[in-house]
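Dear colleague,

I am handing over the structure below, and my notes on it follow. Please read them with the model open beside you.

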Amino acid sequence: MSSKFIPLSTDNGQHNFPCIQCGSQLDFQPGTLEMQCTHCGNRHRIKISNEPVLEVDYYQTLAFLPAAKPDAVHSVVQCEACGATTDFDRNIHADECPFCGTKLVLDTTESRVIQPKSLLPFAVTSDEAKSFYKAWLKKRWFAPNKLKKYAKQDQHLNGVYVPYWTYDCACTSDYVGERGDVYYVRQRVRVRINGRWTTQEQQVPKIRWSSANGRVQNHFDETLVYASDTLTPAVAKELEPWDLPNLRPYQHEFLSGFRSELYHIDIDDGFDAAQKRIHPTIRQSIRRAIGGDKQRIHQIRTQYSDVSFKHLLLPYWIAGFRFHRKTYQFIVNGRTGEVQGDRPWSYIKIALALLGIVALVVLFMTFAGQSSGGFEQRPEIFNPFETNWTR
């Protein structure tokens, strides 16, 4: 069951965690439930919230949002190079974009209305992320050598909490389609045996189609949607899966020492993306309902009910930099260490590899030709009796 509250923040935007010994800043330590002083090393255990991670009613929130006031003032800036919108500490006025490395000048502005209510804290440390990153980079054979040298010298990784939505919903889908049942008839067909064509009688498969319609029901939990456009959907998808059962209630202590990105994709656009993710599962359930050996689906009409959502933050380690006036990123899953990223290609290395492949093929063909005494060319025979029945 979804809760009936609207996830608005009463946050004043100021969250400081001073060390009780020296007064310096305490930062969250990945893989632990502790914070550590950046100056004297004193450690402080985080008091974990017992607040449950609840779902929020989707349609009620949509109705309420137009009348809601903006949230508290934060230091927020949008990078002109990659489009990332990042939330910074109030005392920072100049920094670099954690996604692409572009220098930024910060300003204060009113942020979004919906605030995250849960997160997965960092489990992978910065040093561990660097080792995963180096191992990934070594396998990029066709990356320019200058890139590898540049990336190895600049090993600074940014820890960023990235926005996501999850959606739960019940789906009722009415469908219209056809069921295909395979049957066999005996026909004379031309076949090739020992290099010679001949005619034989064989059992040939056919399909008998009949109309089908009905209704299927599905329930989906925790359909995950990336709530930004800073990374490509393909890269975000490759960083899955996430251990969502281990979500914790949102606490500012987990963000101390890290940055967080604000969402670009609103909850309605996020739900559109969620529907696209669950649609293949709906089609699969319809195919099972139609039965038979083959299925054709002509029309699907789906109604969604009991729709609820969560706004959460997931941890990324990101190395963003510009190389030859283009932006490139390496992303490490802050829970599992999975690495994804984009990179330039060395066309010289690719050309050399292709030349090497061509040389190997020529040598092989020459050797094969000498062994067999030459190549025998045979005309290709078209078989007009072949039928592709497996549409």
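In which helix does Leu354 lie? Leu354 belongs to helix H6, which covers residues 347-372 (helices, H or I, of at least four residues and strands, E, of at least two are DSSP runs numbered from the N terminus). This is a predicted model, in which local features need pLDDT of at least 70 and side-chain atom pairs count only at pLDDT 80 or more, while totals for chains, interfaces and linings use all residues. Residues are numbered from 1 along each chain as its sequence is written, and side-chain values use heavy atoms, with hydrogens and water left out.

Together with Ile357, Val361, Phe364 and Met365, Leu354 forms a nonpolar patch on the surface, with about 510 Å² of accessible area in total (Shrake-Rupley method, 1.4 Å probe, only the protein chains shown counting as cover). Patch residues have over 30% relative accessible area and no salt bridge, nonpolar side chains (Val, Leu, Ile, Met, Phe, Trp, Tyr) being joined within 5 Å and like charges within 9 Å; a salt bridge is a side-chain nitrogen of Lys or Arg within 4 Å of a carboxyl oxygen of Asp or Glu.

A search of the whole structure finds 17 aromatic pairs (ring centres of Phe, Tyr or six-membered Trp rings within 6.5 Å; planes under 30 degrees apart are stacked, over 60 edge-to-face, the rest tilted). One of them, Phe28 with Phe254, is edge-to-face, at 5.2 Å centre to centre and 85° between the planes. This pair links distant parts of the chain, 226 residues apart, with Phe28 in strand E1 and Phe254 in the loop between strands E13 and E14.

As for the backbone, a cis peptide bond with omega of about 5° joins Glu240 and Pro241, and Pro241 is placed in the loop between H4 and E13.

Best regards
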